[in-house]
Structure formats: structure tokens, C-alpha cells
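Please keep the structure open while reading.

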Amino acid sequence: MSDARPQLSAAEAEKFHYLEVLKYTGRAGAECIDPWDPKADAFMAGGAKVRADYTVAKEGGDFSSVQMAVSQAVRDAAAGKRGDRIYIAVRPGIYDETVIVPRLIVGDRSVAITLFGTGNAPQETVIRATIDQGMSGPDFLATFGTAVDDYAPEIAEIYHANAALDRLSTENACVLRVENDGFQAKNLSIRNAYNCDRADKNSKCEDGKGGPKNAAGQFAKGWHQAVATLVHNADRVHFDHVRFSSFQDTLYFKGRVPGMTVRSYYSNCDVEGDIDFIFGRATAYFDRCEIRSLGSRVDHAYVVAPSTNMHTRYGIVFNECDFTHDGSEAALAGTFSLGRQWFQTVRASPYGIANVKGYRTRLAETSEFDHPPEGTISLDVLEAVGKCVILNSRIGAHINPQAPWDDWSGGRRNADGEFVPGEWNTRYRPVQYSSDDFFRYLGDWLKGEGLVFHKPDPAEPWLAEFNNRQA
């Protein structure tokens with residue numbers, strides 16, 4: 001293995017057992033131990049049947065809409081008519097809608113919701129919508145909020161907040177939004193169909209339409225982020241046998257506030273996309289999943305884009321997963337990346353040399369300022385370094401074997417692997433494999449800003465592998 005593929009020892013890998021990864025929650029740097037074993041849930045493990053509280057079906061169910069079933073569950077829980085978990089069965093079919101599952105606190109207890117498909121396979125039960133970051137708020141409401149006045153207040157409030165936006169942000173452009181602590185989903189598919197009309201036959205879109213190319217052989221532009229599932233402010237979230245499908249930003253998870261750790265667990269799932277399609281700053285564990293890179297729209301795909309706070313113990317962890325591709329020409333070229341560390345909301349970077357003469361970055365409360373020759377970066381953005389470990393997995397030949405991890409926002413390396421200064425920009429950050437890299441790149445800058453960070457000894461692995469093999 002090259003230096004760009006750092007390997008854990010067997011002893012280090014033991015620290016990434018799912019029970020160890022998932023037992024920490026709370027504020028980064030002061031996390032508390034809160035043991036959680038998602039495999040202990042008999043229903044999610046496949047060893048128990050449950051009686052559904054509500055049934056969703058195209059015909060003959062309690063509801064024909066998943067969102068309406070969730071809304072009724074919220075109302076009934078608030079009225080004290082339900083216990084600590086509500087089960088919603090979804091019969092096979094395609095449900096064209098967006099679904100919001102809100103945080104649900106009744107008195108001093110949290111009420112969790114479980115959605116499960118009743119078909120023989122996840123692809124038989126599909127929650128689908130075409131929604132993207134470029135959609136206007138009014139268009140969102142007209143398309144997805146026609147029944148909003150019938151929704152529970154906790155759900156209607158989010159729909160109306162989205163409708164008030166000039167344009168949706170990435171987190172608002174999602175098919176399924178989960179804010180519910182303890183949420184579970186099983187045996188169904190979540191599909192964002194945005195840009196399916198611009199992908200080729202390899203894209204896994206249901207109609208397989210071919211996208212036109214320009215004279216240079218490039219696909220049409222105008223792509224936006226289009227999230228299939230957002231896990232937003234929710235802890236102890238478990239997906240089992242769920243298919244997540246989109247292109248850019250398929251699966252997004254984030255904590256309640258910057259620097260807070262929330263946890264999600266994905267078992268036997270299938271996730272596909274092309275650009276940063278598993279991303280965010282929460283702790284997320286993928287167990288026996290297929291992670292599929294799509295090259296039908298792009299020449300270079302990125303699987304993960306973690307933005308884990310440097311003081312959070314664990315970021316994204318994959319165990320016994322298959323990293324596959326769609327058979328497109330771009331994938332067969334073998335130049336795709338496992339990912340890049342998301343430099344979230346950055347405007348100005350203290351790394352490297354900017355391509356603006358005399359440029360400097362200073363610490364400030366926000367990172368919104370960028371007026372050459374000076375910019376600012378907040379502590380929150382500075383500390384969002386991104387962590388990902390891949391264990392016991394099969395990594396396809398579509399991933400560049402010598403340089404699987406990429407830098408953030410450009411920069412060009414010469415034949416010796418060194419960066420060309422003129423190619424740097426004000427948002428650039430080099431890949432950081434461990435905590436030592438952070439201090440190596442920023443030691444002098446940190447001193448200049450009067451910042452004192454504890455340097456871990458030994459260094460903490462931020463990007464690493466163990467016992468993987470090429471598929």
C-alpha cells in the first residue's frame with residue numbers, strides 16, 4: 001500500500017467495532033457513554049414480527065400517502081394514544097412524495113417511528129420524488145405541499161419554512177427527512193429522481209433515458225444537489241435493507257448543533273450516487289452494505305465527504321462493505337475516489353498559498369467573509385476535518401488504488417506529487433490522513449492566531465483502512 005492508503009494495525013482496528021463506535025454521544029471533546037446496540041432490536045434483525053399501527057397502500061390501506069400516515073402517528077402520539085414506538089407498514093408500490101418524520105417528544109419520553117415495506121425486496125416499495133437544491137420554495141409547496149394543511153403542526157411547520165425560501169438549500173432538497181430519535185426504516189427504497197433524464201443507460205434510473213452531450217462530448221450542465229435521505233438532528237437511527245438512490249449528495253447526516261455527536265447505523269443497505277454521495281458530520285456506521293459509484297454523468301466520482309469535528313471520536317465507518325460501480329466508461333477508467341474531507345461552508349482557507357497575492361486568513365466568528373487580500377474562517381469550520389475508516393471491505397478497481405483520497409476544492413499536483421502554487425485557491429485544503437497532518441499544515445498559523453489545540457499522541461487516524469481487498 002502507498003502512503004496515501006494508511007493502514008490500521010489489528011489492535012487499532014478493534015477500536016472501530018460497531019459497539020465501540022456507536023456508544024458515544026454528546027458534545028465533541030466531552031462525549032458521554034450511552035451504549036447502543038442496533039442489532040439487539042429483534043424486528044430489525046429479522047427475528048420478530050410486529051403488528052402495524054397504520055398501513056399505507058396504493059389501495060386498501062389506512063392511508064395512500066406515507067406522509068399522511070406519519071402525520072397521524074404524530075397526532076396520536078401527542079394525544080397519548082401510542083406507546084414509545086409506532087410501526088407503519090408500507091405495501092409495495094411507488095409513492096411519489098416527500099416525507100418528513102419529526103422529532104417526537106411526549107411528556108418526558110421520546111416516541112420513535114418505524115417504516116417498513118411489506119414486499120419481498122426493498123425495490124418493491126419506493127418513496128420517490130424529483131427535488132433539487134435549485135427548486136424555489138413556492139415550487140416546492142406547489143409540488144409537495146398540497147395537503148400541508150392536513151399535516152400535524154410539527155410537519156406542516158417544516159413544509160412552510162421550505163416554502164418561504166427563495167431556493168431550497170441542500171438539506172431541504174430531500175425525499176425523506178428524519179428528525180426522529182430512534183427512527184427505523186426497513187425493506188424499502190428512497191429515490192431522488194432528479195437528473196435521471198440526464199443519465200445514460202447505466203444510471204439505474206427507472207426509465208434509463210440517455211442524456212445529450214455537447215460538441216465536446218460533455219454531459220449537460222445544470223446539476224444540483226439532490227438528497228435522497230437527510231438524517232437531521234436525530235440520534236440512534238437505524239436503516240436495514242434500504243436502497244438509497246440519487247446522484248449528488250444521496251445520503252446526508254448532520255448533528256443537532258455544530259460539535260454535537262448523533263449516531264446512525266446502516267445494515268445490508270445499498271447506496272448509490274456520483275458526487276459526495278455519503279456525507280456529513282455525524283457518526284455513521286455501515287455494516288455489510290453495497291456502495292455503488294455512478295459514472296454515468298461525471299468523469300470523476302467521490303463516495304464520501306465527511307466533515308466530522310476533530311474532537312468527535314468517530315466519523316463514517318464502513319465494515320464488510322462492497323464498493324462497486326455501474327459499469328460506465330468513467331468507472332472502468334479506474335480513477336474514482338473513495339472521497340474527500342468536506343470543508344463545509346468554507347470561504348477562506350489557512351492552508352497552502354492562495355492564488356491571490358498577499359492573501360491571509362484569520363480566525364473569526366463566521367466563515368462568510370472573503371474579500372481579498374483577507375478572509376476569515378470560523379472555529380467550527382476549521383475543526384470540521386472529516387473522518388472515515390474502511391474495514392474488511394472489497395474495493396473495486398474503479399477506485400484509484402494509489403490515490404483514493406482527494407483534496408478539497410482543487411489544486412494541481414506536478415509529476416512529483418507537489419502542489420503548483422498558482423493552482424491553489426482560497427477554499428483549498430489538502431487531504432489529512434491523521435491529526436498529525438493538521439498540526440503539520442497549520443502549526444504556525446495556529447500560533448499566529450493564538451489558538452492552542454491538544455495534539456494527540458499517538459496521532460489519531462482520520463482516513464485509514466484495515467484488511468481490505470480489491471474486488
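Three strands form an open sheet in the order 2-1-16, and their pairing is antiparallel. Its edge strands, strand 2 (32-33) and strand 16 (260-261), each pair on one side only. This is a predicted model, where local features need pLDDT of at least 70 and side-chain atom pairs count only at pLDDT 80 or more, while totals for chains, interfaces and linings use all residues. Residues are numbered from 1 along each chain as its sequence is written, and side-chain values use heavy atoms, with hydrogens and water left out.

- Strand 1 (residues 24-27) runs antiparallel to strand 2, and two bridges join them.
- Y24 has I33 in strand 2 as its bridge partner.
- Strands here are DSSP runs (E, at least two residues), as are helices (H or I, at least four), numbered from the N terminus.
- Two strands count as paired if DSSP finds at least two bridges between them.

- A parallel open sheet has eight strands in the order 6-11-13-15-19-22-25-31.
- Strand 6 (99-101) and strand 31 (405-406) are the edge strands, and each pairs on one side only.
- Strand 22 (residues 302-306) and strand 25 run parallel, joined by two bridges.
- V304 stands opposite G339 in strand 25.
- G339 also has a bridge partner in strand 31, namely W405.
- Strand 25 (residues 337-340) pairs with strand 31 in the parallel sense over two bridges.
- R340 faces D406 of strand 31.

**Helix packing**
- Helix 3 and helix 5 pack with their axes 9 Å apart, at an angle of about 130 degrees.
- The axes are lines fitted to C-alpha atoms over the stretch in contact, and angles run from 0 to 180 degrees between N-to-C directions.
- The two helices, helix 3 and helix 5, are therefore oblique to each other.
- Angles under 35 degrees count as roughly parallel, over 145 as roughly antiparallel, 65 to 115 as roughly perpendicular, and the rest as oblique.
- Q67, V70, S71, V74 and R75 of helix 3 meet P153, E154, I155 and Y159 of helix 5.
- Contact means heavy atoms within 4.5 Å.

**Nonpolar cores**
- The largest nonpolar core has 86 residues, and I88, F239, Y266, I278, F286 and F318 touch the most other members.
- Helix 3 (residues 66-78) supplies the largest share of this core, six residues.
- Another core of 25 residues lies apart from it, with F279, M310, V385 and W462 among its members.
- A nonpolar core is a set of buried Ala, Val, Leu, Ile, Met, Phe, Trp, Tyr and Cys residues joined through side-chain atoms within 4.5 Å.
- Buried means under 20% relative accessible area, exposed over 50%, and partly exposed in between (1.4 Å probe, protein chains only).
- Beyond four places in sequence, I278 touches L251, F253, V271, F286, I291, V303, V304, A305, I316 and F318.

**Two buried polar residues**
- N172 sits in the loop between helix 5 (153-163) and strand 11 (174-178).
- N172 counts as buried because its relative accessibility is 10%.
- The side chains of N172 and N162 make a polar contact of 2.9 Å.
- A polar contact is a pair of N or O atoms within 3.5 Å; within protein, one must be able to donate a hydrogen and the other to accept it, and residues adjacent in sequence count only if both atoms are side-chain atoms.
- Leaving out residues up to four places away in sequence, N172 touches I131, N162, L165 and R177.
- S435 lies in helix 8 (residues 435-448).
- S435 is buried, at a relative accessible area of 1%.
- Its neighbours within four places in sequence aside, S435 is in contact with P456, A459, E460 and W462.
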